[in-house]
Amino acid sequence: MFLTKIAAPRAIPARPGLSLALQGGGSFGAFTWGVLDRLLEEPGLPSGLDMISGASSGAVNAVLLADGLAAGGPEAAREKLGRFWHHVGASGVGPTLTRAAATLRSSGYVSPFAVNPFGINPLRRLLDQEIDFARLRQSCPVRLLISATRVRDGRPRLFREHELTCDAVLASACLPTIHPPVEIEGETYWDGGFSANPPLRQLVIDTESAHILLVRLLPDGHAVPHFSYEIAQRASEIAFNAPLLKEQEAVQDMRRACGEAGRAVSPLCRKLERLRFSTIAAEAEVPDLADRSAADTSIPFLLRLRDAGRRAAEAWLATQ
């Protein structure tokens, strides 16, 4: 068990409701685990959560948190998150993904359908162990927006809590170089990180809270890569960061349009006027993150990310 023993949490003044936007990023999602682990200790905060949006590993963390709250409150959610990431570190999922990716990179003629013809995904077993999807669909304690990318046209599909299945989460975390697409209701889907990483614009439209916290995993800056593996890694980071930049620009455009109207003429404009945004960025706490692989699921690396996430959340809470 990875749970950290700490002193009793301090009492804090009541704060407005909070919504979370959780970016995907493979094993870097252990940083979000740490952020959530610390937030769940804060008195009153879990019950004040309104919505959580997520893609890929952000989606996995979102449903783990929601199901834990449904099962037994904040402590159950902390235990569920810790147990899941422990299993990720102990199961060899990361080395399996790394070997598969290396095989695919070695030849442009090799596809995941050939390397993994039966679509075996170890994440399915871990999710089935930890998540009661029927319970979430019936009585989810927070609203959810889980993104996947429709292969046919590249558009995002946002799964809400009443639509959640294991396949929906697997679709959100489906890397096409490793796994065949996930089929849901006759449509095939790839990783949500390609189209909404995480869903932000829709979260802004739907949330009833006055504050959105974005947990960003992927490095925003990087030295110019020279070697092929560095180029591939940076290209992937750019591809998975681009949807977030577009979503942020869309929110800014919405705010600008409201401002140009001269006054808050609609409920959405009034919401945008009062809405606060905060960001916790993994690279600020993990300086060498740009040099690390999101397929590294070694337990020491996951614990390092978790601890960094806890520190970042502690620092953010101190400013509220």
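A residue counts as partly exposed when its relative accessible area falls between the buried limit of under 20% and the exposed limit of over 50%. Keep in mind that this is a predicted model.

**Stop one: a salt bridge.** Select D153 and R150, whose side chains meet in a salt bridge (2.7 Å, N to O). D153 has a relative accessible area of 34%, so D153 is partly exposed. R150, at 19%, is buried.

Now pick D67 and R135, a salt bridge with its closest N and O atoms 3.0 Å apart. D67 belongs to helix α2 and R135 to helix α7, so this pair ties together parts 68 residues apart in sequence. D67 is buried at 0% relative accessibility, whereas R135 is partly exposed at 25%. Next, show E130 and K80, another salt bridge, at 3.6 Å between the closest N and O atoms. Because E130 lies in helix α6 and K80 in helix α3, the pair joins parts that are 50 residues apart in sequence. E130 is buried, at 6%, and K80 is buried too, at 7%.

**Stop three: the core.** Which residues have the most contacts inside the largest nonpolar core? Select L20, F31 and L164; the core has 67 residues. Around F31 you will find contacts including V215, L217, I280 and L305.

**Stop four: helix α13.** Select residues 299-318, a helix of 20 residues reaching 29 Å from first C-alpha to last. Its buried residues include F301, L305 and W316, and β1, α1 and α3 are among the elements covering the buried residues of α13.

Notes:
Residues numbered from 1 in each chain as written. Predicted model: local features only at pLDDT ≥ 70, side-chain atom pairs only at ≥ 80, totals over all residues. Heavy atoms only, no water. Core = buried A, V, L, I, M, F, W, Y, C linked by side-chain atoms within 4.5 Å. Buried < 20%, exposed > 50% of the residue type's maximum accessible area, 1.4 Å probe, protein only. Contact = heavy atoms within 4.5 Å. Helix = DSSP H or I, 4+ residues; strand = E, 2+ residues; numbered from the N terminus. Expected span 1.5 Å × (residues − 1). Salt bridge = Lys/Arg side-chain N within 4 Å of Asp/Glu carboxyl O. Lists of a residue's contacts leave out its neighbours within four places in sequence.
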